[in-house]
Amino acid sequence: MTQPLPIDDVLAELVEEFDLLGDWESRIEYVIDLGKSLEPLPDADRAEANKVPGCAAQVWLAVRREGDRLHFLADSDSALSKGNIALLLRLYSDRTPAEILAFDARAALDRLGLPSALTRQRANGLNSMVGRIREAAAA
């Protein structure tokens with residue numbers, strides 16, 4: 001497995017991409033497009049145990065430990081939630097638990113302006129997804 005870019009570099013790329021898009025409609029469309037690129041989630045991972053609570057839509061998040069790194073697989077029945085989790089996986093997947101726990105997701109998402117572009121329920125869902133990723137890293 002190749003080493004991913006440092007998490008701060010991935011965030012910088014995302015900030016740049018979001019800045020280029022300008023308005024919220026374009027950004028939300030972009031997030032939805034990110035979701036279309038998620039690797040398929042095996043049916044076995046669509047289990048109740050992998051469901052992320054607190055999301056407006058159904059979101060599944062599965063974790064695979066590969067050596068000292070965590071690889072995440074996810075899906076959602078909502079295009080926007082699927083995009084949100086795809087964005088988080090771009091930041092978090094294939095990292096060590098220490099990298100995941102050291103990264104301030106809330107500050108990162110604020111830099112992207114995502115929570116303010118989402119409804120309260122979707123922003124809560126996004127926080128739940130981050131929480132689930134952090135729990136996996138802490139385990």
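Select Ala-117, which sits in helix H6 (residues 114-117). Helices here are DSSP runs of H or I with at least four residues, and strands are runs of E with at least two, both numbered from the N terminus. The model is predicted, so local features need pLDDT of at least 70 and side-chain atom pairs count only at pLDDT 80 or more, while totals for chains, interfaces and linings use all residues. Residues are numbered from 1 along each chain as its sequence is written, and side-chain values use heavy atoms, with hydrogens and water left out.

Ala-117 is partly exposed, with a relative accessible area of 28%. Buried means under 20% relative accessible area, exposed means over 50%, and partly exposed is in between, for a 1.4 Å probe and protein chains only. Leaving aside neighbours within four places in sequence, Ala-117 is in contact with Trp-24 and Ile-28; contact means heavy atoms within 4.5 Å.

Arg-27 lies over the face of Trp-24, 4.7 Å from the ring centre. A charge sits over a ring if NZ of Lys or CZ of Arg is within 6 Å of the ring centre and within 35 degrees of the ring normal. For another such case, select Arg-46, which lies over the face of Trp-60 at 5.1 Å from the ring centre.

Next, colour H1 and H2. Two packed helices are described by the angle between their axes and the distance between the axes. H1 and H2 pack at an angle of about 135°, with their axes 8 Å apart. Axes are lines fitted to C-alpha atoms, for helices over the stretch in contact, and angles run from 0 to 180 degrees between N-to-C directions. H1 and H2 are therefore oblique to each other: angles under 35 degrees count as roughly parallel, over 145 as roughly antiparallel, 65 to 115 as roughly perpendicular, and the rest as oblique. Show the side chains of Glu-17, Phe-18, Asp-19 and Leu-21 in H1, which meet Ser-26, Arg-27, Tyr-30 and Val-31 in H2.

How many aromatic pairs does the structure hold? There are two. Rings of Phe, Tyr and Trp (its six-membered ring) pair if their centres lie within 6.5 Å; planes under 30 degrees apart count as stacked, over 60 as edge-to-face and the rest as tilted. Select Phe-18 and Tyr-30, an edge-to-face pair at 5.9 Å centre to centre with 90° between the planes. Phe-18 lies in H1 (residues 7-21) and Tyr-30 in H2 (residues 24-36), so the pair ties together parts twelve residues apart in sequence. Are Phe-18 and Tyr-30 buried or exposed? Both are buried.

Go to the other pair, Tyr-92 and Phe-103, which is edge-to-face at 5.8 Å centre to centre and 80° between the planes. Tyr-92 is in helix H3 (residues 79-92), and Phe-103 is in the loop between helix H4 (97-102) and helix H5 (105-112), eleven residues apart. Tyr-92 and Phe-103 are both buried.

In the loop between H3 and H4, select Asp-94. Asp-94 has a positive phi of about 70° although it is not a glycine. Asp-94 is buried, with a relative accessible area of 19%.

Finish with H1 and H5, which pack at about 25° with their axes 9 Å apart. H1 and H5 are therefore roughly parallel to each other. Leu-11, Leu-14, Val-15 and Phe-18 of H1 make the contact with Ala-108, Arg-111 and Leu-112 of H5.
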